[in-house]
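Please look over the structure below before reading on. My comments follow it as numbered points.

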Amino acid sequence: ILSQSIKVNTSLANLSSLASMGVIDQDKEYAVAEEYRDKLRTKTPTVEQLVGNLSGGNQQKVLLAKWMFTDPDILILDEPTRGIDVGAKYEIYKLINQLVQQGIAVIHISCEVNAVLGLSDRLLVMHEGKLKANLINHNLTQEQVMEAALSFYAHKLLVFIKHYRMLNLGVKIEFNARYMLEASVFFRIKNQSIFKHIHNLL
């Protein structure tokens, strides 16, 4: 909650561990916030600072602290490094690795292929809510993940190319995958009328 302090945000998901007879122990709450500020190296002069005044990377650390304080067995992180600078991303990645070393199972949802490859033991490639590939990360490459992400479209394009080859229409198609895990594909073709057929096919 951006309008609340780091202290309040850190304890928010596990207030029962800090309360007695329905009353929150302010000293314990402060101590917990300080503990996670040190653990995650959150840059702030005080845990009384409003989360909205922090940088994007430090806001993400406060969010991580909140769920780490619940002592989870499984932690789901959805785009934890989106919109933050390179230095902050590196720190978040280190924290994820530390969580795994502590025995916490981390499900990391991301469209940043390199980050996923560097952090994951197993990759599930999804598109429109459906599983497209289940890959064990034994030295997987970005190209292999791209191939899995685009396999659905590649099959349809193959059918399309065969169809138009029979009609002797020269079609030049170039791939530019912008978000690989979302399998977004863009085309550049010479004949604009054929584009409508591709659009309908996909």
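This is a predicted model: local features need pLDDT of at least 70, side-chain atom pairs count only at pLDDT 80 or more; totals for chains, interfaces and linings use all residues.

1. The chain holds seven helices and six strands. Read from the N terminus, the order of elements is α-β-β-α-α-β-α-β-α-β-β-α-α.

2. Of the 202 residues in the chain, 38% are buried. Among contacts with a separation of 6 or more, 51% are between residues 24 or more positions apart.

3. Glu29 sits in helix α2, which spans residues 26-40. Glu29 is buried but forms no salt bridge.

4. What does the side chain of Glu29 make a polar contact with? The partner is the side chain of Ser11, at 2.7 Å. Setting aside residues up to four places away in sequence, Glu29 touches Lys7, Val8, Ser11, Leu15, Leu18 and Ile24.

5. The structure has one aromatic pair. The pair consists of Tyr36 and Phe69 in an edge-to-face arrangement, with 6.1 Å from centre to centre and 70° between the planes. Tyr36 belongs to helix α2, while Phe69 is in the loop between α3 (56-68) and β3 (74-78), so the pair ties together parts that are 33 residues apart in sequence.

6. Are the two residues of this pair buried or exposed? Both Tyr36 and Phe69 are buried. Tyr36 also has a charged residue over its ring: Lys39 lies over the face, at 4.9 Å from the ring centre.

7. Asn137 is found in the loop between β6 (130-136) and α6 (142-166). Its relative accessibility is 16%; the limit for a buried residue is under 20%, so Asn137 counts as buried despite its place in a loop.

8. The side chain of Asn137 reaches the backbone nitrogen of Leu140 at 3.3 Å. Beyond its neighbours within four places in sequence, Asn137 is in contact with Val116, Leu117, Ser120, Asp121, Arg122 and Leu123. One of these, Val116, is 21 residues away along the chain, and its C-alpha atom is separated from that of Asn137 by 9.7 Å.

Note on methods. Residues are numbered from 1 along each chain as its sequence is written. Side-chain values use heavy atoms; hydrogens and water are left out. Helices (H or I, at least four residues) and strands (E, at least two) are DSSP runs, numbered from the N terminus. Buried means under 20% relative accessible area, exposed over 50%, partly exposed in between (1.4 Å probe, protein chains only). Lys and Arg count as positive and Asp and Glu as negative; His and the chain ends are not counted. A salt bridge is a side-chain nitrogen of Lys or Arg within 4 Å of a carboxyl oxygen of Asp or Glu. A polar contact is a pair of N or O atoms within 3.5 Å; within protein, one must be able to donate a hydrogen and the other to accept it, and residues adjacent in sequence count only if both atoms are side-chain atoms. Contact means heavy atoms within 4.5 Å. Rings of Phe, Tyr and Trp (its six-membered ring) pair if their centres lie within 6.5 Å; planes under 30 degrees apart count as stacked, over 60 as edge-to-face and the rest as tilted. A charge sits over a ring if NZ of Lys or CZ of Arg is within 6 Å of the ring centre and within 35 degrees of the ring normal.
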